[in-house]
Amino acid sequence: MRSLALGFFCLLCCNAARPERRRPKLIPAKGQNDTIIKNNTAENTCKAMPLDFVFVIDSSRSIQPKDYEKVKTFIVNLLQFLDVGPNATRVGLLQYGSVVQPEFSLNSYTTKAEVEEAVRNMTHLATGTMTGLAIQYTMEVALTEEQGARPMSLQIPRIAVIVTDGRPQDTVEEVAAQAKQAGIQIFAIGVGRVEMNTLKAIGSEPHSEHVHLVANFSQIETLTSVFKSKLCGGSDMCEVVEHQCQHICVSSPASYRCKCRKGFTLNPDGKTCKADDTCAVVDHGCDHICVNLAEGYECRCRPGYELTIDLKKCNRIDFCDLGNHGCEHNCVSLPGSYICSCMKGYILNSDGKTCSKIDHCADGNHGCEQEFMNTETSCVCKCSNGYTLRPDGKTCKKVDPCADGTHGCEQESVSTGDSCVCRCREGFTLRPDGKTCRKVDPCADGTHGCEQESVSTGDSCVCRCREGFTLRPDGKTCRKTDHCADGNHGCEQESMNTDDSCVCKCRAGYTLRADGKTCQSVDLCQTLDHGCQHLCVSTADSYICKCHEGFSLAGDGKRCEKPGCHDGVMDLVFVIDGSKSLGAANFERVKQWVNSIVDSLDISRTGTHVGLIQFSTKVHTEFTLGRHRTAQDVKRAVAQMQYMGRGSMTGSALRHMFQFGFSEKEGARSNIPRVCVVFTDGRSQDDVSEWATKAKNAGVTIYALGVGKAIEQELREIASEPAEMHLYYAEDFEKMGEITKKLKSRICNDKPADENMCRCESLIVFQKQVTEKLKDLAQSIEAMSKKLETLENQAGRN
C-alpha cells in the first residue's frame, strides 16, 4: 500500500510538471515575448491555503535585461495561483546583488493587482551575487511579524521562493539551515550554471519537491504548472507520504508538518509528542501529589489520607475514631490501620488490647545498697534515714560530714558530698593550709596614705602614681615626670613636656615635618584652595601651579593643556558599528579607540561637544551633543556603552545622524563646525550613499574608518572629499593605532593655524619657565638663610 501511494504521488507530480492540452492559456506581456497567465481563465481558480510568501530574486550583473524581464513574468504568472489579501496570502519581494534591496514587504499591499504593478516596476541591480546575505535578510527581517508575517502560533506556512543564476559569492549552507530550522519552507530555483549541490543546500526537504534547475531563462516558464500544483493544494502530502506523525499531520505546499493534540507538545524530532507537564508549570496547590491529565491535572493523597472538599488538601484517616478498636488504654492511628498502646508503667498484653503494670524490681538485679522502689519506668534505689544516695545511684553515704566538729576550720565549714571543707567570711580568703583565713584587700581600710593610687599585693598595700608621674622616696607622694629634662629630644626649634613624652614644636609660620623633629615653612598648597589643575608648588610666601609632563600651563596660570586640538571648537558625532561580526572583545577596543580621540579634544561648555550613535539592526543614540561637558564624563559614558551585536544597517545610522544627531534639540550649535566619524568593520545591509550625501551637502565633514571586511566603495560613498584625506582603513584591529594617529592629525590640521601666534605663545611659555626657576631659587636661598639663623641661635645658647 505504501509503494502504491508513493507511486500515485510521483505520477501526480510528473503530470503536473508535463505541459498538457488543458494548461492555462498564455498571453504575451506588454513589450515582451514572454507569457503571462490570464486572470480570467477558469482553470486558474484554486483553493490555495493562506501563506506568508516572499520572492527572493537574484538581480546580479550576469542576468541580461531580457532575462530579468522573464523572471518578472514568471513571478506575475505564479501570483495568479495565490489568493492575495490581508487574511489570505500575503506577498513580499526582495532582490539582491552585492546588497539586499527590499522591494515591498508582506504588509505593503493587500490586492493582487498592487503586487503585480510593483513587480513590473522593479529595476535591475546588476551587481554581485550575495545569496547568503539575502537568505539571512529573509529570515531576520522579511519573514518577521514586524514586516507583516503572522504569529507562528497561527501555523500559517512561511514560504520563500529563491531564484538565482550563478554561484553565490558568500556561503549559504549555514544560514539556509538556520532559516529552515526557524520554520521557513524554501523553494530553490536555479537557472543555467547553478550547481545542484548549492540548490540542495538552500532548498527544503524533500529536494524533489523544493529544488528545480532549468537550462536557461526561456525554460523557467515550464515551472509555472509545477508551482500551480503545489500552491493550489493539488496533493495532500499527509495522504500520499508516510509522514510518521504521532498525532496530527498538516499539509503545506509540497510538504507537511506534524502537530500534537491539546495537552501535548511536539518533540525535537518533529514527529512524536510528549504530554504537557501541567503540574510543573502551574501553581497547583496540591497537598500531596499532582497528577497530569489530558485536560489539566488533579490532586491525590498518599495512602492513609483522604482528599478534603477543596480537592487540594489531604487529611489523615483516623481509624481510632471509628470506635471499634477495643484498646484498654490508648489507640494510635497508622496509615491504613491502628495499634493499641499502654500508659507509662504498663506493658501491652499478648492480645494486643489489654495492659499490665510493670515491676522493674522483680528480677533482683537492681544492685541497691540499702532499699529500692518500683516506679512507672524503672527500679530506683533509696537510702535509710541519715544517709543520702551517691551519684552512682546505688550506694549511700552519711548526710553531713561536718557534723562531728573535727574539721579544724578557723571560720566556717561546708559539707560537700563525702567531705567537709573550710570557708572564710566576706573580706577574707583561705590560706594554703585550707584551714585558716587572711584579709582579702590590705588597702580596703583606707589607711595606706597613698597620694594617687594604691594596689594590694599579698598581705600588704603599696602606693602607685598615674602615668606621667613618678613615686617619691617616701613611697606615698608623686611628682610629674619631665621627659625633656635630659636634652636628648633633638627638636630643631622648641620642645614641650607631656604626661608620657617630650614632643617637638615649631614657631609661628612653620610646621613640623614627618620626622617629628625638624620644621618647615607652612605649605600654602595644603591650606588654600589653590585651583591648580595638576600640581601646586609652595614658595616662601606663596605658591605656583605646574603641569604633568606632556602638558603646558594655560594663560590663567592654573589649567593645563595638552598639545593637540584644544584650541579648536567643533560639534563631533561618532557613528559606531555594533554588529555581531565585530565581536564583544573588538567592541571594547573600539570604545578605547573612541576615548583616545576624546583625550586629544578640548571638551568643555564653550569648547568641543561630543555625541555618539551605535548601530546594528537598529540605531541607538548613546548620548547627544548636549549631554556631557567634560572629557571625563564623555569617556565614562563610552565605557558604559553596551554591545548590540546583531545586523549592520549603516545607511539607517547615517539617516539617524543627519536627521537627529546635529539637531538643535540634541545640542548642536549654530556656526560651529560639524564633524562625523563613522566606524564599520563590514558590508552594510542597506544603502549608505543617499544619507551620507545629504549630510555632506548640509555641511557635515564625514571621516569614514573601516577595519577588516569593510567595503572600500561604501567607505568612499560615506567619506567627505577628497577621500584620501577623510577615508582610513586597517586590515585588523591590531593596526587601529595607525588610524588613531592619522585621524587625530587630520582633525587638528583641518583648523587654520597662525605661525606668528605660535611663536608668541612659545615666547610666553619660555618666560613662564624662567620665572618659575627664579622663584624656586629664591625659595632655596630663603630656606638656607633660616637654617643658618637657627644654628647661630643654638650656638649662642651653648
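This is a predicted model: local features need pLDDT of at least 70, side-chain atom pairs count only at pLDDT 80 or more; totals for chains, interfaces and linings use all residues.
How many disulfides does the count come to? It comes to 21, and I will take two further examples.

In the pair formed by Cys301 and Cys314, the sulfur atoms are 2.0 Å apart, and the torsion about the S-S bond is about -90°, so that disulfide is left-handed. Cys301 sits in the loop between strand E14 (296–300) and strand E15 (305–307), while Cys314 belongs to strand E16 (residues 314–316), 13 residues apart. Cys314 is buried, its relative accessible area being 9%.

The other example joins Cys279 to Cys290 with 1.9 Å between the sulfur atoms, and here a torsion of about -80° about the S-S bond makes the disulfide left-handed. Because Cys279 lies in helix H10 (residues 278–281) and Cys290 in strand E13 (residues 289–293), the pair ties together parts that are eleven residues apart in sequence. Cys279, at 12% relative accessibility, counts as buried.

Let me now turn to a sheet. Six strands form an open sheet of mixed pairing, in the order E43-E42-E41-E44-E45-E46. Which strands stand at the edges? They are E43 (619–623) and E46 (727–730), each of which has a single partner strand, so one side of each is left without a neighbour in the sheet. On average, and ignoring direction, neighbouring strands of this sheet are turned by 20° against each other. Strand E45 (residues 700–707) pairs with E46 in the parallel sense over four bridges, and in that pairing Leu705 has Tyr728 of E46 as its bridge partner.

Finally, the protein as a whole. There are 19 helices and 46 strands, and buried residues make up 37% of the 798 residues. Of the contacts between residues at least 6 apart in sequence, 52% join residues at least 24 apart. The accessible surface comes to about 44,700 Å², with 50% of that belonging to carbon and sulfur atoms.

Conventions
Residues are numbered from 1 along each chain as its sequence is written. Side-chain values use heavy atoms; hydrogens and water are left out. Two strands pair if DSSP finds at least two bridges between them. Helices (H or I, at least four residues) and strands (E, at least two) are DSSP runs, numbered from the N terminus. Axes are lines fitted to C-alpha atoms, for helices over the stretch in contact, and angles run from 0 to 180 degrees between N-to-C directions. Buried means under 20% relative accessible area, exposed over 50%, partly exposed in between (1.4 Å probe, protein chains only). Contact means heavy atoms within 4.5 Å. Accessible areas come from the Shrake-Rupley method with a 1.4 Å probe; for residues, only the protein chains shown count as cover. A disulfide is a pair of cysteine sulfur atoms within 2.5 Å.
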